[in-house]
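Please look through the sequence and the structure shown below, keeping both at hand while reading. The report that follows takes up charged pairs, a strand and its partners, aromatic rings and nonpolar cores in turn.

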Amino acid sequence: MDFKALRKEYETAGFGPEDLPDNPMKAFEVWFDEATKQSPGDWFEPNAMTISTSAPSGRVSSRWVLLKGVDGEGFRLYTNYDSDKGQQIESNPNVALCFHWPYLGRQLRIEGQATRTSTDDSEKYFHSRPRGSQIGAMVSRQSQIIQSRAELEDYRDQLEKQFENQEIPLPDNWGGYLVRPDRFEFWQGRLDRLHDRIVYISDGAGQWTKARLSP
Ligand SMILES: Cc1cc2nc3c(=O)[nH]c(=O)nc-3n(C[C@H](O)[C@H](O)[C@H](O)COP(=O)(O)O)c2cc1C
């Protein structure tokens with residue numbers, strides 16, 4: 001594999017701190033809107049982001065999840081609370097989210113603390129999902145070792161019969177996390193690796209400081 005041949009110049013127009021709103025949630029809205037409207041096709045999910053979490057030992061894990069809600073409080077995602085990520089968040093709520101919108105030459109990093117959303121919020125989102133996904137959430141003991149795929153499919157078939165013509169109940173171990181942000185970094189790729197990086201840091205009392213970082 002020739003990694004030297006994998007080189008891309010970022011010829012996008014740049015920006016400075018003055019070009020972004022003072023409130024990073026507003027800046028997020030602008031960038032997310034552009035990422036969604038200019039998405040290259042159905043195969044790309046502009047709401048896909050990585051979430052990094054850490055174990056008590058200090059070991060760190062990242063994986064993709066889907067952003068399923070954003071409001072004045074923060075960013076919502078849904079998962080299995082007993083999964084590796086769920087257990088890690090319970091022991092250390094500090095998490096990092098990262099979006100990459102390659103067609104815009106943009107990366108967006110968000111750091112903050114995750115807390116479980118209310119059961120009401122999880123119920124609403126759970127029941128908005130296709131029935132197959134609801135059953136899938138009930139079937140999966142996410143992140144556990146299993147013997148075979150057949151084990152999953154047999155359990156799915158059993159649950160489909162069990163809940164025929166009934167609502168699928170929200171599993172106790174499934175629901176949302178709300179990530180309340182305290183740091184954002186908006187990154188725009190520029191020529192010669194002289195990228196624009198604008199950081200927002202919270203003072204913890206609702207005020208944000210905005211600054212430019214060296215690329
Ligand atoms: C594009 C994409 C989106 C995903 N979205 C979710 C999601 O919203 N929730 C989720 O639990 N897993 C999602 N996954 C699966 C996770 O990446 C991961 O495999 C799973 O959550 C188990 O992670 P864990 O063992 O670290 O807890 C997604 C995977 C991909 C590739």
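## Salt bridges within helices

Lys 124 and Asp 120 lie 4 residues apart in helix H3 (residues 119–128), so that about one helical turn separates them. In this predicted model, their side chains meet in a salt bridge, with 3.1 Å from N to O. Lys 124 is exposed, its relative accessible area being 59%, whereas Asp 120, with a relative accessible area of 49%, is partly exposed.

The closest N and O atoms of the salt bridge between Lys 37 and Asp 33 are 2.9 Å apart. Here Lys 37 is exposed, with a relative accessible area of 64%, while Asp 33 counts as partly exposed at 36% relative accessibility.

## Salt bridges between other parts

Side chains of opposite charge can pair when their charged atoms come close. A search of the whole structure finds 16 salt bridges, and one of them joins the side chains of Asp 196 and Arg 212, at 2.7 Å from N to O. Because Asp 196 belongs to strand E8 and Arg 212 to strand E9 (residues 208–213), this pair ties together parts that are 16 residues apart in sequence. Asp 196 is buried, with a relative accessible area of 5%, but Arg 212 is partly exposed, with a relative accessible area of 45%.

Salt bridges also link several residues into a network, made up of Asp 71, Glu 73, Arg 76, Asp 121 and Arg 180.

Is strand E1 mostly covered or mostly open? The strand, which runs over residues 48–54, is mostly covered, since 7 of its 7 residues are buried, where buried means under 20% relative accessible area. Ala 48, Thr 50, Ser 52 and Ser 54 point one way from E1, while Met 49, Ile 51 and Thr 53 point the other way, and all of these residues are buried.

E1 pairs in the antiparallel sense with strand E2 (residues 60–66) over 7 bridges, and within this pairing Val 65 of E2 is the bridge partner of Met 49. The hairpin of E1 and E2 has 5 residues between the strands, and in this hairpin Gly 58 takes a positive phi near 100°. E1 also pairs in the antiparallel sense with strand E5 (residues 94–101), here over 3 bridges, and Ala 96 in E5 is the bridge partner of Ser 52.

## Aromatic rings

A search of the whole structure finds 20 aromatic pairs. In one of these pairs, the rings of Phe 28 and Phe 32 have their centres 5.3 Å apart and their planes at 15°, so they count as stacked. Both residues lie in helix H1 (residues 24–37), 4 residues apart, which is about one turn of the helix. The rings of Phe 28 and Phe 75, in contrast, have their centres 4.9 Å apart and their planes at 75°, so this pair is edge-to-face. The pair of Phe 28 in helix H1 and Phe 75 in strand E4 (residues 74–80) links distant parts of the chain, 47 residues apart. Phe 28 counts as buried at 1% relative accessibility, and Phe 75 counts as buried at 0%.

Ring pairs link a cluster whose members include Phe 15, Phe 28, Trp 31, Phe 99, Trp 101 and Trp 208. The charged end of Arg 106 sits over the ring of Trp 31, 4.1 Å from its centre. Elsewhere, the charged end of Arg 116 sits over the ring of Tyr 81, 3.9 Å from its centre.

## Nonpolar cores

Which residues touch the most other members of the largest nonpolar core? Among its 30 residues, they are Phe 75, Phe 184 and Phe 186. H1, E1, E4, E5, strand E6 (106–116), strand E7 (174–188) and strand E8 (196–202) each supply at least two residues of this core, and the largest share, 5 residues, comes from H1.

Not counting residues up to four places away in sequence, Phe 184 touches a set of residues that includes Pro 24, Met 25, Phe 28, Phe 75, Leu 108, Ile 198 and Trp 208. A second, separate core has 12 residues, among them Tyr 78, Tyr 125, Ile 135 and Phe 163.

Notes. Residues numbered from 1 in each chain as written. Predicted model: local features only at pLDDT ≥ 70, side-chain atom pairs only at ≥ 80, totals over all residues. Heavy atoms only, no water. Buried < 20%, exposed > 50% of the residue type's maximum accessible area, 1.4 Å probe, protein only. Pairing = 2+ DSSP bridges. Phe/Tyr/Trp six-rings, centres within 6.5 Å; stacked < 30°, edge-to-face > 60°. Lys NZ or Arg CZ within 6 Å of the ring centre and 35° of its normal. Core = buried A, V, L, I, M, F, W, Y, C linked by side-chain atoms within 4.5 Å. Contact = heavy atoms within 4.5 Å. Salt bridge = Lys/Arg side-chain N within 4 Å of Asp/Glu carboxyl O.
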